[in-house]
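Subject: Structure handover

Hello,

Here is the structure I promised to pass on. Please open it first, then read my notes beside it.

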Amino acid sequence: MSTKINVRSPFFLDLTAPVQTLGIFTCTTAGLSNFSVASSGFVTNPLLLAGSIVDQTATEFPINTTGSSIPRSVTYTIAIPANYTNVNDATIDCIQDFDQPTQSANEDPSLNNNCPTFAGTIPNSSGLASTAITLSTYFTSGSGADISSYLVTKSPSGVAVDAVLTGTAPSQTLTLSSSTDCQLATFIVTARQSSDSCTAISNSFTFASANCGAYDCTDANVVGGSIEQDGTVNKGTHTLGTLNALLYLGTDITTSLNAGANNTGSPVNKTITYRFNIPNGFSNSGTFNCNVVYSQPATQVLPTFDCAEAQITGGFISEQGNIAAPTLGAGTLVSWTPQSFAEVSVNTPQTIYLTITPPASGYINSGGADITPPCPYIITQPATFPECGLGTSLRFSKQGYNSPYDACGFNFVGDWYLGQGSPATYSEMISTIGWSICTSFSAFAGDDKYYVVTDGFTSVSTQSNFHLLKIDNYGTVQEVWLHNCSGGGNGAGARIY
Amino acid sequence: MALKKIGLKLYVYTGTEGSYTSSDLKYQMEKDRISNQDNIVVEIAQLVKDFLDNNFNDDYVCATKWATAVVDFYDSETNEIFVTNGTQIFNYLAFDGYGHFEEEVNPQLSTDLLQTSLNMYLPEGIAGKLPIFAEGVGKVIIDSTTTEITDSLDSNQKIQYISIPANTSTVEVYATDDTTLLKTVTVNNVCEPKFTPYKLTFVNKLGAYQDIYFFKKTTESFNVTDETYKRNNINTSTVTYGTNDGQKQRYNINGSTKITLNTGYVKENFNSALEELFLSENAWIRWEGKTLPVIISSKDMTIKNVLNDKLIDYTVGFEFAFNKINNVR
């Protein structure tokens, strides 16, 4: 039905910025890094550039005392953020591998009498407002050195369960509490001693506050997911519980993630069963099945290859204006215009127009013409830097973060680095991009990380509305973020420039 | 990724949706986003209105046109058109209609029958026309005769005027599924042995031509405008003037004809048709074998109802939309 304009009354066009697609979200896009498994079995979850972890196949492994490393693998289910082409797939699975090192002699309590030991099992607790755990019941200091501190790791970090250590190590008490109904968190405690790097870790245990009731599909809250024509199953996101298995017609497809191709010529409905492990704290236990019906299309739906799908990254413009071409995640770069720029006296974002040919297959426009119009891509051309080091002094963090959301977690206090910007005030520096950050009289190599910039405060973890600058290796400010850690967790914020 | 400005090209054209060419470009404009807002608002109805023509000559030709807004969205970071969906095309079908205040912004109104009154009055033995929107109607059943409605997709077929044979009783309007009855129009065939009924056609609220017959007494009046000047009528050679030669001369004389028409008794739910007639910009009367434009000279209308007035009739004054003496130059 056509939209009508009745011309004797006003007709308003309400025009807003079009949603920009970011291409296909892949494990590369997610940018998992820093995944590791300690000899003790402690799993350090990876940092993500984009997306969030929905589920993981393991949270810890047994201690490795075999004398050789053990290959370990954890599959992370990652929620696809908005604006990616495949956002309707809801999640992707990314596998992280790490060789768990064997316990070194220095870490072995039988060889190093400084090492603490862990014995027993810290029990799960549920239905309580709080519970106290006497850590000395489970951890024992080595004969050569006392436990100097305990580190409590909570997952997920944002859940409303408080973990407070009281007393003095090694005889500290860990109190877990929540004033909110049905809050679930998993904890691991690590005992450290200060003489060397020897640690001991506890078992993984859970705390659940009161009034959870019985676990059901409302708690699981499966959202999204799909089945492609060839049978590929894209899992939906879920909120509570860990996925025990994914079933189709009673068959476990957790690994294959395939429910069979649809060659019927018309869409068919298929029911996928999500089998969840019921978390501690609910009145029921074991597993719980949640059925989700998906419509499987009869034909493979191919995306259109556009500038976002090309996943343009990198590239460089020299101070003299010469262009080093960016790289593409997909497609072929044919040419670009202009070929060079004149020298600039201040760092200047320059737009390069890239002519890109779609990949030979996999897209609606595969085998077709180049993308039109050419894809604009912005690279900041560095100034010739006569002014580096002559500008306003700024205080910013020595620590650079892969994501602005990491800043809250590190909570470095008083760890500041004196930087100098190109001629700009603090307020100018946080209100536009392209400025230079210098150290002494050279550009500061920021490694494309995010740095907290401040005009006075010294604590981040409770700070509201502070700024972070993303700085590249040429000292150029690429992004400005406004962030807030006062709400706890990773905080909240957004890019403002 | 914020919106900096939009560039808008507005095309108004006939034919099928999207078939515009460069010659159909009527307006081109740019508008910046106001700094404290996220959106940009553009009102285009007033612009499109300039290009809708109502040239009614008793022929019931559809006057709708397509309006296409081609909008370029500019990114404030790059000053360039957004990479994804940076240019968007919005197609609309323009009608010479209007919404009421209560119908809020961008009124869509009826998408099937294009008149609000479900009663029609026709003289006995006279056929009529009923406007429908081809996109929303699958068929009409006139008494027991079914007429399938086909949307040719051309703007000149979007409003279709269904011929109603003489002495029809009802017209049923069905949705495009051909099974859902949307509206039933009752046709009242009026026997008027004394007065000459006059057909008045106007552009109604929904932008379609609608007929109203005035069955009862018609009065015609006439008024004249003129000017005079004083002549110098003396013969200077004989120093005389003729007494048959006037000292004042009349000029710029013209006249206009007014008529007053009466509907005869109508049902209460016919009020909306009269109300729309009063609010119409364009009206024509079938008068002595010609279709002549008229302007409604009546400015007040008292809405009548059965409770207060028992029998409902309306008297409406019109003025022909031209001078008596042809001075069209």
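My notes on the model follow, topic by topic.

This is a predicted model, in which local features need pLDDT of at least 70 and side-chain atom pairs count only at pLDDT 80 or more, while totals for chains, interfaces and linings use all residues. Residues are numbered from 1 along each chain as its sequence is written, and chains are lettered from A and ligands numbered from 1 in the order in which they are written.

Confidence

The predictor gives the complex an ipTM of 0.92 and a pTM of 0.59. Chain B has a mean pLDDT of 93 (pLDDT is the predictor's confidence in each residue, from 0 to 100). In chain B, 100% of residues reach 70 or more.

Chain A

Chain A holds 5 helices and 38 strands. Both are DSSP runs, numbered from the N terminus: helices are H or I with at least four residues, strands are E with at least two. Of the 497 residues in chain A, 34% are buried. Buried means 20 or more other C-beta atoms within 10 Å of the residue's own; exposed means 12 or fewer; partly exposed lies in between, with C-beta atoms placed from the backbone.

Take contacts in chain A between residues at least 6 apart in sequence: 62% of them join residues at least 24 apart. A contact needs C-beta atoms, placed from the backbone, within 7 Å.

One local spot is Val268(A), in strand E22 (residues 268–277) of chain A. Val268(A) is partly exposed because it has 15 other C-beta atoms within 10 Å. Leaving aside neighbours within four places in sequence, Val268(A) contacts Asn262(A) and Gln296(A). Its C-alpha atom is 6.8 Å from that of Pro297(A), 29 residues apart along the chain.

Where the chains meet

Here 28 residues of chain A contact 45 residues of chain B. On the chain A side, E2(A) gives the most, with 5 residues. That side has 16 nonpolar, 8 polar and 4 charged residues. Nonpolar covers Ala, Val, Leu, Ile, Met, Phe, Trp, Tyr, Cys and Pro; charged covers Asp, Glu, Lys and Arg; the others, Gly among them, are polar.

E1(A) and strand E5 (residues 87–95) of chain B run parallel over 3 bridges (pairing needs at least two DSSP bridges between the strands). Asn6(A) has Phe95(B) as its bridge partner in E5(B).

Cores

The largest nonpolar core has 84 residues. Such a core is a set of buried Ala, Val, Leu, Ile, Met, Phe, Trp, Tyr and Cys residues joined through C-beta atoms within 7 Å. Those touching the most other members include Ile5(A), Cys375(A) and Ala67(B). Strand E1 (residues 3–13) of chain B gives the most to this core, with 7 residues. Apart from this core lies another, of 41 residues, Tyr150(A) and Phe282(A) among them.

Inside chain B

Strands E15 (residues 219–230) and E16 (residues 248–262) of chain B pair antiparallel over 11 bridges. Thr219(B) has Thr260(B) as its bridge partner in E16(B). E16(B) also runs antiparallel to strand E19 (residues 315–320) of chain B, joined by 5 bridges. There, Ile259(B) stands opposite Phe318(B).

Helix H2 (residues 271–278) of chain B has Ala273(B), Glu276(B) and Leu277(B) as its buried residues. They cover an arc of only 105° around the axis, so they sit on the same side of H2(B) (the arc is that of the directions from the helix axis to the C-beta atoms). Their cover includes strands E13 (198–203) and E14 (209–214) of chain B.

Best wishes

Key:
Contact = placed C-beta atoms within 7 Å.
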